[in-house]
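Subject: Structure handover

Hello,

Here is the structure for you to look through. My notes follow below it.

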Amino acid sequence: MSTPLLDVRNLSIGFGTADPVVRDVSFSVMPGETLALVGESGSGKTITCRSVLRILPDAARISGGEINFDCKGTQIDLLTLPERGMRRIRGNQIAMIFQEPMRSLSPLHRLGDQVSEVLRLHRDMPMREARRTVLETFERVGFPDPGRVWQSYPFEMSGGMRQRAMIAMAMVARPELLIADEPTTALDVTTQAQVLGLIKDLQKDTGMAVILVTHDLGVVANMAESVVVMNKGRVMERGPADVVLGAPAHGYTQKLFAAAPMIPEVAAPARAAPHDDLILDMRKVTKTYTMRAGGWSAPKVVTACHRVDLELQRGKTLAVVGESGSGKTTCARIALGAELPDRGSEVLFRAAADSKPLRVDAMSQSERVAFQRQAQMVFQDPYSSLSPRMRIQQALTEPMEIHNIGSRKDRREKAAEMLRWVGLDPSMLSRYPHAFSGGQRQRLSIARALTLDPVLLVCDEPTSALDVSVQEQILTLLEDIRDGMGLSYLFISHDLAVVARIADEVAVMRQGVVVEQAPPDTLFYNPRHPYTRALIAAQPEPDLNRPIDLSLVARGAGSPSTWPEAYRFEGVDAPALTELEPGHKVRCHV
Amino acid sequence: MMFLRYAIYRFITMLLTLWVVSILIFVIINLPPGDYLSNQIAELRATGQAEGVAKAEFLRTEYALDRPIWEQYLIWVGMAPGPQGWYGLIQGNFGWSFEFDRPVSEVVGDALWLTVLVNLAAVLFVYLVALPLGVIAAARSETWVDYTAAFVGYLGLATPNFLLALILFYYGNKYFDLPIGGLMSPEYEGEPMSWDKVKSILVHLIVPTFVIGTSGAAAMMQRLRANMLDELSKPYVETARAKGLGPAKLLAKYPLRMAFNPFVADIGNLLPAMVSGSVLVSVVLGLQTIGPSLLTALKSQDQFLAGFVLMFVALLTLIGTMISDLLLVLLDPRIRYGARGS
């Protein structure tokens, strides 16, 4: 057995005098191997991987253990290495890529400058040679025009492109070990698939080892050879990927598996859903924004969504799925009257089956107040959607105060009742939001939305800021509430697997238009549109036998002008949405 | 090319702003009832000096003070013909000071350039002091370096300027033989520029620069420190560390560049604050800047003098803002590309 490239032994890290956040963690990485460090937030996985490069926050103290790195045959303990020696290892032998490509690159420096800096630091390379090497690396990570990338600033690029540039920066000095800290969490699912594929390819070329820090078992199954599962600072389970993923031994790993959302394998398409009692009916909704540029430049028109038709049946859930920039959130805001659509659009809301439809896009002030009681929203980020200065009771009773409902005592009782509905204890009413975990906060914001007894709930990515096990609980809660209170949901998400369990109908959006619409089972049984197929193919499954099919992803994930002929379009000039079979609509030329 | 276009655009907007400012200044100066001459005529009548009245009446028609205010304004700016034809600010005529009985240009004279000099020196002082102290305070935040810098800074903010001036004059003179008051030794006043005169001015500048600059420097330092601390916790700093950059180079290349924006944007705000803030200091220190003239002019409703001084300060401010805007465009690609609309 050869010596490991990196050997972490009994590592313990703490903040100040508090209990250590990483306890007695050991693992090793062989040369060329991919090790996945898996855990939910607070598991200590990020701190652990940062301690390898010793780039921990100032307050963190490494209280014990050693990290041995095999540097060309000599063993070095990275924890006792002087700072100067450590700097020679960073970026040179061990490189790192971070979670947020948007913020991990300096916005003021050209990419060429930022990437070539690594070579100038560690290789003492003259500018000409550094430039040549960097351009080669840019080409290797999939930039079609390396010269332009050299000149570009990060903000000129999309998230996926920035992450490619980050990877180029990490790879340019040909490190022996790459630490990737949630490298794809902030990316859209199709981009994630491509970036993961790229890391894998580069690894094959250069023979470097990779430590992949992630919370996503699907990513692990696609990438890793061995797995370390962490929880609350301790290693729960460790072993080869096929063993850990195939037959998880530890209860915690099993729990993670149970919670991981999956796209189900469907045996038969679903029957077409009825559309006879619509609570929300959006017709030909178009929204354009005019961006005013400074100086003398001409204003630019951006289309957020274009002639979107969405019909939400009473008591059902309609999911709108798409990547960032697909226009899904704009649709949600228009449905709530928070934003006015362009002329020619129509948004109808029927509070009850027999009531007169309300034009949400043309409400009077009094209609708006009444509408707000009936349609409420659950937001994406439970951390910023609750005021930190308001007690829970205040946050929950405020909507009723605004609408003058009930006495003080009634409102308090209602708030307590809502807390019980979302599975929290009414004794928590006097606490402040900071005393709650992310999942509890999302329960609170659901409770707040429910205090006005709405009939329509718009959920904007309600689980995407949460850990998988918590996500599972919140989805179950939302289902229970929908069925218990007879609510209808407009559910916005970027994740088909999440939508698979909660939705009765799914509309897939891309660049402001709906490209395919069907009940989830029909959609998964027979996806027709190349973009839907790409979304499904890109979903990482925690199953070693179902790896991501990158060619399927590539076919549908590009811009609409690269799609197969039957689906191709440019700008907003899209083909019509055609009903191919009952309840299954696809945007294609027929 | 794009920068040149932006510079021209910015220059034109500056002229437009200056024009609006001129209207405001003229209206505000004319808000109190009466003017210098009508006050004088009333006083002369009361004391029975008829010959003086005739002269004042003559001046009133000569400077068009008997006309409606909008006409007065146009004549003052030079956008309409007055009693002396088209001859206003635009044509280079700054008007007549009734208080000093001389043309404004003569009253202000050298003071104009000395004002610019004193304030430029103060601005330079602010930047030279605030930049290193702010960066060090941020890099070593919550250590004795940080606390000492903050303490000295707040001391500078909290001490009244004129008091500081008196203290510095006393000790400066006692221990370093620095001159007291004025901007040059009396023998050079009115003399042509010479090496000795320059030296005299420089020595005289030390205390005023320090006095006018301290509070600005203290405020600027705290702002830079706060900006730096914000930037230091951003992920791109971590990226740079993970690359293997050394601490000094890292600090200078990444977070400092980012924290620099507000620093540059402040140039425009700094100038007027200093010019108006230094009026009192100039009076106390006996500096021949335009500050004291402004004070007298405002007190005695000497409208052309006051108007000119205010216009001059406004011009300095606008030029300062323009410079900082142009620098920002050069420094920050995001602003550059935002302006291009991409």
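Is Asn404(A) buried or exposed? Asn404(A) is exposed, because 7 other C-beta atoms lie within 10 Å. The cut-offs are these: a residue is buried if 20 or more other C-beta atoms lie within 10 Å of its own, exposed if 12 or fewer, and partly exposed in between, with C-beta atoms placed from the backbone.

Some ground rules. This is a predicted model, where local features need pLDDT of at least 70, side-chain atom pairs count only at pLDDT 80 or more, and totals for chains, interfaces and linings use all residues. Residues are numbered from 1 along each chain as its sequence is written, while chains are lettered from A and ligands numbered from 1 in the order in which they are written.

Asn404(A) sits in the loop between helix 13 (392–402) and helix 14 (408–421) of chain A. Helices (H or I, at least four residues) and strands (E, at least two) are DSSP runs, numbered from the N terminus. Asn404(A) is not a glycine, yet its phi is positive, about 55 degrees. Most residues other than glycine have a negative phi. Asp24(A) is also not a glycine, and has a positive phi of about 55 degrees. Asp24(A) belongs to strand 2 (residues 22–29) of chain A. Asp24(A) counts as partly exposed because 14 other C-beta atoms lie within 10 Å.

**Chain A overall**

Chain A has 20 helices and 22 strands. Its radius of gyration is 26 Å, close to the 25 Å that the globule rule gives for 590 residues, so chain A is as compact as a globular protein of that length. That radius is taken over C-alpha atoms, and the rule is 2.2 Å times the number of residues to the power 0.38. Along the principal axes, the C-alpha atoms of chain A fill a box of roughly 80 × 60 × 55 Å. Of its 590 residues, 48% count as buried. Among contacts in chain A with a separation of 6 or more, 67% come from residues 24 or more positions apart. Two residues are in contact if their C-beta atoms, placed from the backbone, lie within 7 Å.

**Strand 8 of chain A**

How many residues of strand 8 (residues 209–214) of chain A are buried? Six of its six are, and the strand is mostly covered. Ala209(A), Ile211(A) and Val213(A) point one way. Val210(A), Leu212(A) and Thr214(A) point the other way. In a regular strand the side chains alternate between the two faces of the sheet.

Strand 8 of chain A pairs with strand 3 (residues 34–38) of chain A in the parallel sense, over five bridges. Strands pair if DSSP finds at least two bridges between them. In that pairing, Val38(A) stands opposite Thr214(A). Strand 7 (residues 177–181) of chain A also runs parallel to strand 8 of chain A, joined by five bridges. Ala180(A) has Leu212(A) as its bridge partner.

**Domains of chain A**

The domain assignment gives domain 1 (31–56 + 83–259) and domain 2 (278–291 + 301–532) of chain A. These bounds come from an automatic or database domain assignment. The domain centres, taken over C-alpha atoms, are 35 Å apart. Nine residues from domain 1 and seven residues from domain 2 make the contact. On the domain 1 side, helix 7 (189–206) and helix 10 (251–259) of chain A are the elements that give two or more residues. Helix 10 of chain A gives the largest share, three residues.

**Where chain B meets chain A**

The contact takes 23 residues from chain B and 28 residues from chain A. Helix 1 (2–29), helix 10 (235–243), helix 12 (255–265) and helix 16 (333–340) of chain B each supply at least two residues of the chain B side. The largest share, seven residues, comes from helix 10 of chain B.

**A glycine in chain B**

Gly95(B) lies in the loop between helix 4 (69–77) and strand 1 (96–97) of chain B. Gly95(B) counts as buried because it has 22 C-beta neighbours inside 10 Å. Leaving out residues up to four places away in sequence, Gly95(B) touches Trp76(B), Val104(B), Phe304(B) and Phe308(B). Phe308(B) is 213 residues from Gly95(B) along the chain, yet their C-alpha atoms are separated by 8.1 Å.

Best wishes
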